[in-house]
Amino acid sequence: MITEHRAVAPLRVFLVLLFGILVVLQTFSLPGQFAHMAEESPDQAYLRWPLTALAVFWVLCAQVVIVSTWQLLTMVKHDRIFSPASLVWVDAIVWAIAAAWVVLVGVFLYVGFNADDPGPPLLLFLMVTGVAVLGLLMVVMRALLRQATTLRTDMEAVI
């Protein structure tokens, strides 16, 4: 079984790769894709900037999660994860997921009320549900971290 300290280095490598890919998406691919969409479908050209803004926002939320995870990994590496400072980074993850979810619900409602085909609303509902599960899981993990932090602080006070 791999220990948490051995998992930190490979996880950081993948976080850097993921962050880099997201920057490329955010700056080149997504704006270019929506510009191409506007050229190919002039009747939907009005969606170019709102879709670009939405996509960039969601990528930004993912980047907040990555940076927060990096900070939490640093705390794990230095054996400071069970401290009140770690809750700040977990809160950042929870708020980023919550913000992404709220915007996704808005998109789901817009698409749901304007869709001719049940496929896109169904896919968006699946995404809304998945992000909600992820967000609620992080809330539970935050509560567990708070309990562990309290226990560790209490134990250190006794010793």
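Predicted model: local features only at pLDDT ≥ 70, side-chain atom pairs only at ≥ 80, totals over all residues.
Helix α2 covers residues 48–77. At 1.5 Å a residue, its 30 residues should span 44 Å, and the C-alpha atoms at its ends lie 43 Å apart, which agrees with that expectation. Several residues of α2 are buried, among them Thr 52, Ala 55, Val 59, Cys 61 and Gln 63. Further along the helix, the buried residues include Ile 66, Ser 68, Leu 72, Leu 73, Met 75 and Val 76.

Asp 79 follows α2 and sits in the loop between α2 and α3. Its phi is positive, about 55°, although Asp 79 is not a glycine. Asp 79 has a relative accessible area of 47%, which means that it counts as partly exposed, since the exposed class begins over 50%.

**Packing of α2 with α3 and of α3 with α4**

Helix α3 takes in residues 84–114, and helix α4 residues 119–158. Two helix contacts are described here, one between α2 and α3 and one between α3 and α4.

The axes of α2 and α3 are 9 Å apart and meet at an angle of about 160°. Angles over 145 degrees count as roughly antiparallel, and α2 and α3 are therefore roughly antiparallel to each other. In this contact α2 passes α3 in a left-handed crossing. The residues of the contact are 20 nonpolar and 4 polar, with no charged residues.

For α3 and α4, the packing angle is about 165° and the axes are 9 Å apart. These two helices are therefore also roughly antiparallel to each other. The crossing of α3 past α4 is left-handed. By class, the contact of α3 with α4 holds 24 nonpolar, 4 polar and 3 charged residues.

**The aromatic pair**

How many aromatic pairs does the structure hold? The structure has 1 such pair. The rings are those of Phe 108 and Phe 125, with centres 5.8 Å apart and planes at 40°, so the pair is tilted. Phe 108 belongs to helix α3 and Phe 125 to helix α4, so the pair ties together parts that are 17 residues apart in sequence. Phe 125 is partly exposed, at a relative accessible area of 46%.

**Single residues and C-alpha separations**

Asp 91 is placed in helix α3. Is Asp 91 exposed, partly exposed or buried? With a relative accessible area of 24%, Asp 91 is partly exposed, because the buried class is kept for values under 20%. Phe 28 lies in helix α1, which runs over residues 4–40. Phe 28 has 61% relative accessibility and so counts as exposed.

| Residue pair | Separation along the chain | C-alpha separation |
|---|---|---|
| Asp 91 and Met 138 | 47 residues | 8.9 Å |
| Phe 28 and Ala 99 | 71 residues | 23 Å |

Note on methods
Residues numbered from 1 in each chain as written. Heavy atoms only, no water. Axes fitted to C-alpha atoms, helices over the stretch in contact; angles between N-to-C directions. Helix = DSSP H or I, 4+ residues; strand = E, 2+ residues; numbered from the N terminus. Parallel < 35°, antiparallel > 145°, perpendicular 65-115°, else oblique. Left-handed = near helix turned anticlockwise from the far one by under 90°. Nonpolar A, V, L, I, M, F, W, Y, C, P; charged D, E, K, R; others polar. Expected span 1.5 Å × (residues − 1). Buried < 20%, exposed > 50% of the residue type's maximum accessible area, 1.4 Å probe, protein only. Phe/Tyr/Trp six-rings, centres within 6.5 Å; stacked < 30°, edge-to-face > 60°.
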